[in-house]
Amino acid sequence: MSHVVSTAPPRPIPTSVCPCYQLVVTYATPWTCSPYLVQIQPLSSERVLGTTSDWICSRARKRYTMCTGKCSRFIAVALYPLALLAIICNIVLFFPDGDTQYAKDGHITEEVKYMGGVIGGGVMVLLPALYIHLTGSQSCCANRCGMFLSIAFAAVGVIGGLYSTVVAGVGLQNGPLCKVMLIWTTPFKELNTNYLSDDSLWILCTAPNNIVPFHIGLFATLLAVSCLEVVLCAIQMINGLFGCLCGTCTDKGPL
């Protein structure tokens, strides 16, 4: 029995592997599923340019679409414990040697009163973290507009982290307020020798007990936490820009 070749035009099947060629399958009869002829035909130059552009853009958008929302969730989850740790460090600094009497008498290091950990590294980072988390979850903020607003919230977090960083740095540089003989003063502030590297100077402080390592440990922790917060919030500003342009992983609308 001879095959009857259909006069219907071939049906092109675009391939997703290379945007410059298409598969053309010609069937022996319209009602059969067995192909009679399979050809790979190059596209015209105009179609190659248009198809290649769409092919590259669609894959780039898909890649960024899948990562911006997840990146927001990762940043938010990382900012929560950092903000909490900054608040704890600042509060503990009010109670050297675990005694509340020094706070009642006003014998607290000046930089502690600036509340860099509570306000800067705490509240000003925690609130943006909550919103950033919403942009990476199934919520009303998980869209391009939400990602655009996350840039502004992340900028607030950067400002808060920088404030906490500056306060912690100045606190480390000036040293603690302590009792020297009978006078409450900041003995390391005017010294030419760096007390951080010369622990023999720590004996100048007679009260509170172990005030120098207490002061260094908490302010150094606050400094490290604040720097991490600044880095994460800065990353979210860039991530928010990509999310605004390409959408989030939960964005179901057209790209």
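**Helix packing and aromatic pairs**

Helix 5 crosses helix 6 with left-handed geometry. In this predicted model, helix 5 covers residues 144-174 and helix 6 covers residues 211-246. Their axes come within 7 Å and cross at roughly 160°. Angles over 145 degrees count as roughly antiparallel, and the two helices are therefore roughly antiparallel to each other. The contact of helix 5 with helix 6 holds 24 nonpolar, 13 polar and 2 charged residues.

An unreviewed UniProt entry lists residues 71-94, 114-134, 146-172 and 211-235 under "transmembrane region". Residues 146-172 are 100% helix and 0% strand. The end C-alpha atoms of this span are 38 Å apart. Residues 71-94 are 92% helix and 0% strand, with end C-alpha atoms 36 Å apart.

Aromatic pairs were searched for over the whole structure, and 3 were found. One of them joins Tyr-102 and Trp-184, with ring centres 6.0 Å apart and planes at 65°, so the pair is edge-to-face. Tyr-102 belongs to helix 2 (residues 101-105), and Trp-184 to strand 5 (residues 183-185). The pair therefore ties together parts that are 82 residues apart in sequence. Tyr-102 counts as buried, at 15% relative accessibility. Trp-184 is partly exposed, at 25% relative accessible area.

Phe-188 and Tyr-195 form a stacked pair, because their ring planes lie at 10° and their centres are 4.7 Å apart. Phe-188 is buried, with a relative accessible area of 2%. Tyr-195 is also buried, with a value of 1%.

Notes: Residues numbered from 1 in each chain as written. Predicted model: local features only at pLDDT ≥ 70, side-chain atom pairs only at ≥ 80, totals over all residues. Heavy atoms only, no water. UniProt positions renumbered as here; feature names shortened; annotations may be inferred. Helix = DSSP H or I, 4+ residues; strand = E, 2+ residues; numbered from the N terminus. Axes fitted to C-alpha atoms, helices over the stretch in contact; angles between N-to-C directions. Parallel < 35°, antiparallel > 145°, perpendicular 65-115°, else oblique. Left-handed = near helix turned anticlockwise from the far one by under 90°. Nonpolar A, V, L, I, M, F, W, Y, C, P; charged D, E, K, R; others polar. Phe/Tyr/Trp six-rings, centres within 6.5 Å; stacked < 30°, edge-to-face > 60°. Buried < 20%, exposed > 50% of the residue type's maximum accessible area, 1.4 Å probe, protein only.
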